[in-house]
Structure formats: C-alpha cells, structure tokens
Amino acid sequence: MCFIRFITSLLMSVVLFFGSLSPLFGGVSSVKYIIDTSDLGDEIPNIVDNVNVWDMGTQFYEPQRNSENDVMEFVRYIQLMQCTGGTPERDLFIDPFDKSTFTDYDFEPLIKNCRGILSLGAKPHLKLGGVPIKFTSDYIIGGDFSMNIYPPDDYEVYYGYIKAIITALVDEFGIDEVRSWRFGCMTEFENGGWFQAKSGDPKDSMIAYCKLYDYTVQALVDVLGEDITVGAHSMAVTEGLWDERDFIRHVAKGTNYANGKKGTKISFISASFYDNRPGKYTKGMTLPETVKHLKKTAEKYGLKDLFYGIDEGRILFGNNYGNADNQLLLRITGYTWQAAYDARLFTQGINSGLDYFSSWGFLSNGLFDGNPTVSYHVASNISKFAGSRQTNVISAKVRAGIGIESECLSGWDSETNTLRIMTYNYKNDVGYSKKMNVSFTLKVPQITKDEVTVVRYLISDDCNYFDEFQEDRVKYSITDDCFNWSPDDPCIDSPGTLSDETARTIYFNELKDKYAECSVLTPVYSTAKVENGRIRLDDTLDGSNVIFYEIY
C-alpha cells in the first residue's frame, strides 16, 4: 500500500508539474484574485501627480492645457530641474559672467515660469541649483549634464542668492502661496556628473553637498519659516560618487554648516529609478528595494515622518537606434508593453510606501500637447485611486510561465462607495503576446444592493497609436535613420525623436489626426450581480494589457 501511495503521489506531482508548465508551451496563464473591502489599509496616494522638466525655458510663460488629454487633471506638482543656476542660461543674473557683482539679479524667468505653473492649477517643485558660474572660480561646465559641477567659493554668497530668489517669489506670489510649494537642492546629489568637490574626492564632495543643502535650507527658513516642504534627490538605485546614507545621517544628527545647530530641516527624500531598456532591468536595486533602503536609513537616524518620491525615471534607452543615440526622449516606449510596465512599477511603488513617481511626459509632444500614449491612459486611471483606502488582495491561484507577472491594486472609496481595481499581464519582453485569464472574487459587505455598475477600461493596442505608426513606417519608408534618438519613443511630434523633415511632413499631414482616433480609450459599461455580499468578475488580457474597473 505504501508503494501504491508513493506511485500515486508521484503521478499526481508529475501532472501538477506539467500543468503548471503549460503556459510555457503555449497555454493560457491564469490568476485568481480575492478582494475584501472590509480589510482596508492605508490611503492610496496620487502616485502620478509630479512631472519633471529638464529646462524651464519659456514653456510655462503662457502654457495651454490640452482640452482632450489634459495631464493637469492628475498632475499637482511641476518640477523645474536646476532652475537657479549651473550654466549661463540657467543662472539668474543680468550678466552671468560678470564677477564684479554678485547681485545683478534677473529673477523674471523663474517668476514667469512659476506664474505659468500656478495658472495650470499646479504647484512648483523647485530644484534650487546648480551653482552659478560666477560663484565658482575656475568653474568647469562638465560632467554628464554640461553644468558647473563645482561648489561656490563662498557659501554665504550662495546663501544670499537663494534668499534673494525666495524673497522675490514671496514679493510676487505672497508668503502663504510660496510656503505651499516644494523645494529641493540640486539633482542626484551624490552623482559626480552633477556636483562634486574640486578635488573629486568622495568625502570632500559629500561635505560640499551637505554645506550646499544646509545653506539652501537656511535661506528658505529665513524667508518662509520652518513650515516648508524641502528635500533632496539622490540616485540611490545605483552607486554614486559617495554614499547617500552619509547625507541622511548629516541632516538627522550632524552639525548644520549654516547655523551650527544639530540637524537640518528635511521633509522628503527622493531618488531616480531607471531601468536600462525594454528586456533589461537596472543592475542596481529594484524599486521596492530603493524605497526600503532610503526609508530604513532615515528611520535608523530618527527621521520617521518623511515622505518618499521618485524624481525621475522609467527607461533610459530603446532597443533601436536613431541617428544620434538610442535614448528615449520621454524615458518611455510607445509600445503597449509600456502600459503593463507602468502598471507594474506604480503598483510596486504604492505597495512600498512611495508618495509619487515623477514622469517626463505622457503625450506625443511631451507634457501638454499631442496624442495620448498608453502611459497617459495608465496614469489617468491610476490617479483615480488617490484618496481611496487600499484593500486586502489575495492571489488565490496563479498559473503562469517563467517571467510572466500579474499583480492587483484595489482601492475602496467610502465616500462614493466605489471599488477600483487594476491588474496587468506583464513580461519584460516588448514582443510578449500570451493571454492571461483573470478572475476576481469581490467581498463587498458595504454594497447592499443586488446589482452594481461595472465600468471597464482596457488599455491595449486598440487605444494606442504606436502600433499603427509601426505599420505606417513600413508604408511610408520611415526608417530608423529618420529619427534623432530612439524610434521606440512615442514623442514623435518632437524633432528630438522624429527628425527627418520629409517624415515629419508625412506625419503631420497624413498621420497625426488619424492617430488621435487610434488613441481613444473608451469605457465599457455593464452590470454585475451581488450575491451574499460577493461579486464575481472574469476577464482575459492579451500580453501587455492593463485593465481598470470602477464598480459602484
């Protein structure tokens, strides 16, 4: 009998083993989620409420919202990177090269940009820095970003400059308004390509940045008071010139270089998070590991009330090259695969306690103009979760091949009695196409009626212009050498991506309006029965698809 039981058990194991492998050989993956709205967690943040801008220029002087695809419906903060110095164009002086005076200020470009941001209904997130070239003897416009990478010769002079900037903003907008903004000090502070001591020594560079941060914060406090939101942007995910934990220890326990007291005001810590390209993740930490690393260090030194963000990120490079490079202008691809990538990344961020993940843009012409990308559709829908309480989700049954991932985000809005759900079918492969069956058992004791409305948003090729663009590229012979940077980028309105003049004429005259129709995400309405406080939903997702439900 023991032998028979052994053989029976072995045969059952073989069946289960090959059953679990069936998706590897062409079968359909499947996952079952159980969602319980009586088991609620923390409030879900609007993780997509921040966008970052490389060069403020004049784009916010008279900004226009996109009436059809308005990112400002979910964006609350616009981050101006290195907005007070580091190059002659960024330095806020009448003559950036004139070292006979350090007070020939010209703050009008910054004021105009801030006024424009406010007119959009958002708040400025000002990255104060870099160091103006007239403040640094023997400055070098260098590094990876063509900035003055060296500290000021005199930190008191730099303090006076920042204080004058904040005073001018208060004079223009009022102290209460400016206090409601966010402030940072530089970009990727431990990245030697942005900032380092003249010696290039890691310890010297760490001290130089800590001084810069202390004097920057002191200028903010001396004008605005202690009730401000200020933080610092690290790399964290990969190794920098020096260890970001040394900065965290300094602001928590160290001697403030500006006032001699213990510690320095800090409200948040952010990082960058980039994967290398589609199919190739970063060699550094994962997103959850990055957030945990920063939070663990901060709490170790007693900083327990901070919030955490990603100030820039997604994907650095495409798989295909343009004439100049294979960088992605918006740090996203246009393929529908990007939708599942974003859904996965944002879910990981929310589950890790991340407050926001800043983006470079969502439309075919960047931030405000153009047709919507699949990244826009994901961001627009996931922003609706903001303010709801995260529900307990159990993955009751998963059957998927190697590398295939699915996770479920669910939130309950008690004010409207609305349940929101998102899930995705993802593999780190742009060509991934396997189907996945998804089923949900919803335990919703708060819903007492017999029937609910279900609104379904499916993000797929059907709401993405980029698959049509690939077909039209063949039809019109728009080859890779018609692009400046990677042709995998969806920002095809920009000459930074699609650069060939003949191709651009074809696009604007023949294709762009058609793509507007191809990009529409149409909700589908249905009803579902509520039986004994439970609702059952079943669906099938193609590879890289993302689905959102609103149930009320």
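These legends go with a set of close-up views of the structure shown above.

The model is predicted, so to speak of local features we ask for a pLDDT of at least 70, and side-chain atom pairs count only at pLDDT 80 or more, while totals for chains, interfaces and linings use all residues. Residues are numbered from 1 along each chain as its sequence is written, and side-chain values use heavy atoms, with hydrogens and water left out.

**View 1. Helix α3 and its surroundings.** Helix α3 covers residues 155–173; helices (H or I, at least four residues) and strands (E, at least two) are DSSP runs, numbered from the N terminus. Its 19 residues reach 27 Å from the first C-alpha to the last, close to the 27 Å expected at 1.5 Å a residue (the expected span is 1.5 Å times one less than the number of residues). Look for the buried residues of α3, among them Y155, I162, L169 and F173; buried means under 20% relative accessible area, exposed over 50%, and partly exposed in between, with a 1.4 Å probe and protein chains only. The buried residues of α3 pack against α2 (108–119), β4 (123–128), α4 (175–179), β7 (182–185) and α5 (202–224), where contact means heavy atoms within 4.5 Å.

**View 2. The two ends of α3.** At the start of the helix, a side-chain oxygen of D154 comes to within 2.8 Å of the backbone nitrogen of E156. After α3 comes G174, which has a positive phi, near 95 degrees.

**View 3. An open sheet of nine strands.** Follow the strands in the order β17-β16-β19-β14-β13-β12-β1-β15-β18, with mixed pairing; two strands pair if DSSP finds at least two bridges between them. At the edges sit β17 (524–529) and β18 (534–541), each pairing on one side only. From one strand to the next, the twist averages 25 degrees; axes are lines fitted to C-alpha atoms, for helices over the stretch in contact, and angles run from 0 to 180 degrees between N-to-C directions.

**View 4. Strands β14 and β19, with helices on the sheet.** Strand β14 (residues 418–424) pairs with strand β19 (residues 546–551) in the antiparallel sense, over six bridges. Here I421 stands opposite Y549 in β19. Helix α8 (residues 337–351) lies across β12 (389–399), β13 (408–413), β14, β16 (451–459) and β19, and runs at about 120 degrees to β14. Helix α9 (residues 374–382) also packs on the sheet, where it touches β13, β14, β16 and β19, and its direction makes about 150 degrees with that of β16.

View 5. The structure holds 21 salt bridges, each a side-chain nitrogen of Lys or Arg within 4 Å of a carboxyl oxygen of Asp or Glu. One of them joins E177 to K123, with the closest N and O atoms 2.8 Å apart. This pair links distant parts of the chain, with E177 in helix α4 and K123 in strand β4, 54 residues apart. E177 is partly exposed, at 23% relative accessibility, and K123 is partly exposed at 25%. D176 forms a salt bridge with R179, the closest N and O atoms being 3.6 Å apart. Both lie in helix α4, three residues apart, about one turn of the helix.

View 6. The side chains of D493 and K512 meet at 2.6 Å, N to O. D493 lies in the loop between α10 (466–475) and α11 (501–518) and K512 in helix α11, so the pair ties together parts that are 19 residues apart in sequence. Both D493 and K512 are buried.

Terms used: A polar contact is a pair of N or O atoms within 3.5 Å; within protein, one must be able to donate a hydrogen and the other to accept it, and residues adjacent in sequence count only if both atoms are side-chain atoms.
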